[in-house]
Amino acid sequence: MRSPWRLEAGALTALALPMIAGNIAWAGIAATDLLLLGRLGAGAVASGALAINLFNALLIFGMGLVTAAAPLIATERGRRRHSVRDVRRTVHQTLRAATLFVLPAWALLWESESILLLMEQEADLAAQAGELMRGLQWALLPFLGFTTLRNFISALERPVWGLIIMVCAIPFNLLAGWTLIFGHLGFPALGIFGAGIASTLSSSFLFLGLLSVILIDRRFRRYRLLGRFWTHDRERHRAVWALGLPIAITLGLETTVFNASAFLMGLIDRDSLAAHAVAIQIAALVFMVPMGIGQAATVRVGLAYGKGDLAAVGRAGWLALAIGTGFALIAATMLIAFPRMLISAFLNLADPANARTAMLAVGFLGVAALFQLVDAAQAVGAGVLRGIQDTRVPMIFALIGYWVIGIGIGIVLAFPLGLQGLGIWLGLASGLGVVALLLVARWALRERLHLLSRRRNA
């Protein structure tokens, strides 16, 4: 017989791998959007970046909100393995919460041009960004619906269909953009507005595709997700908001600190900003792995938490942290050993005009090696704590770590002490390191802090 640790390692890995691949596929969808906008010219790329950054700020907040479905469903399944009604109610109330969030978000996004003008962006870029947003903003609800359903199948430990649908969405998104932006297959050329419509169609494809699988596959069909859809469950709805809102705020704090770091880079010079953009892209791609491990850990810890098996809770959490930081060590080695090879995917290193940008990016990737270690620890640490439905204190950790320590140290190192872009990266690494240390310490002290004795949601 295999030991409980080996069994847990196998279950965690089987759950994490499709989730990691799904996260990478999501990045692939975003890459096709950038590829198509690039064919419209530099102005379209710039205005598209403005619109997408504004859209993503609300999207990531909403994704944090609906992430509550995963630990709630996992805990319920741990408590009652074959629970159907309560799992279905959690999905319904999460979709309801997403809709309530999206309505004011749509109103805000409709005024994108005015918001960007208030932020002193160039008028022509703001106008184009507003035009793109007219088509893009409607993608918010179907994508959050897809994310909710993906959390549902992941909590059932069957995440592969989410990966399959996301992989299929990459060519669909490319075809839709090519057709609507440039006017092919009998459609008019809609330009940048067509790019927004294509993204909305792709998000709808994701939602409807996964919903179709859930309604057809017998392993999911038994939950009858469309049954009694409009029945309101006040207690469960409150539980979704109580657990999901701190996650949403935490992700918002993390996203905006990276947006702020880009703004600070822009105050230094263009080469620093370009090098920062390249290094962040590489770091973000590597981050897809610990992010997927953290998502899987939420489910595995949640299942053990629902059962009341404290030993299994510990095994799931510590194994996830070990695997996540183990991968980060490998990634850090690659960032240190092969920085120019990685940078060459984004910059032509043979062009003398890119020499300073490449040199700066190499330095940033050196800090990114440390960055990955602490980023992996905080991503997985947040995931294991979500599994025991602990999200409010981690939110406070994020506020202190990202915005007080990270940005504070970065500004001091970059400007008064003259380290410039390297100082900003050291500040980011410091902030993430503090958050990681606090989260792992809280996990280690979970029993002393009585985090496991709280009433589990039924």
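Leu399 is located in helix H16 (residues 392–414), helices being DSSP runs of H or I with at least four residues, numbered from the N terminus. Leu399 is partly exposed, at a relative accessible area of 43%; buried denotes under 20%, exposed over 50%, and partly exposed the range in between (1.4 Å probe, protein chains only). Together with Ile396, Ile400, Trp403 and Val404, Leu399 forms a nonpolar surface patch with about 430 Å² of accessible area. Such patches join nonpolar side chains (Val, Leu, Ile, Met, Phe, Trp, Tyr) within 5 Å, from residues with over 30% relative accessible area and no salt bridge. Accessible areas come from the Shrake-Rupley method with a 1.4 Å probe.

The model is predicted, with pLDDT of at least 70 required for local features and 80 or more for side-chain atom pairs, whereas totals for chains, interfaces and linings use all residues. Residues are numbered from 1 along each chain, and side-chain values use heavy atoms, without hydrogens and water.

The whole structure contains 13 salt bridges, each defined by a side-chain nitrogen of Lys or Arg within 4 Å of a carboxyl oxygen of Asp or Glu. Asp271 pairs with Arg356 in a salt bridge, with the closest N and O atoms 3.3 Å apart. Asp271 belongs to helix H12 (residues 270–307) and Arg356 to helix H15 (residues 355–387), so this pair ties together parts 85 residues apart in sequence. A network of salt bridges links Glu76, Arg79, Arg80, Asp86, Arg89, Asp233 and Arg236.

Notes
Patch = residues over 30% accessible without salt bridge, like charges linked within 9 Å, V, L, I, M, F, W, Y side chains within 5 Å. Helix = DSSP H or I, 4+ residues; strand = E, 2+ residues; numbered from the N terminus.
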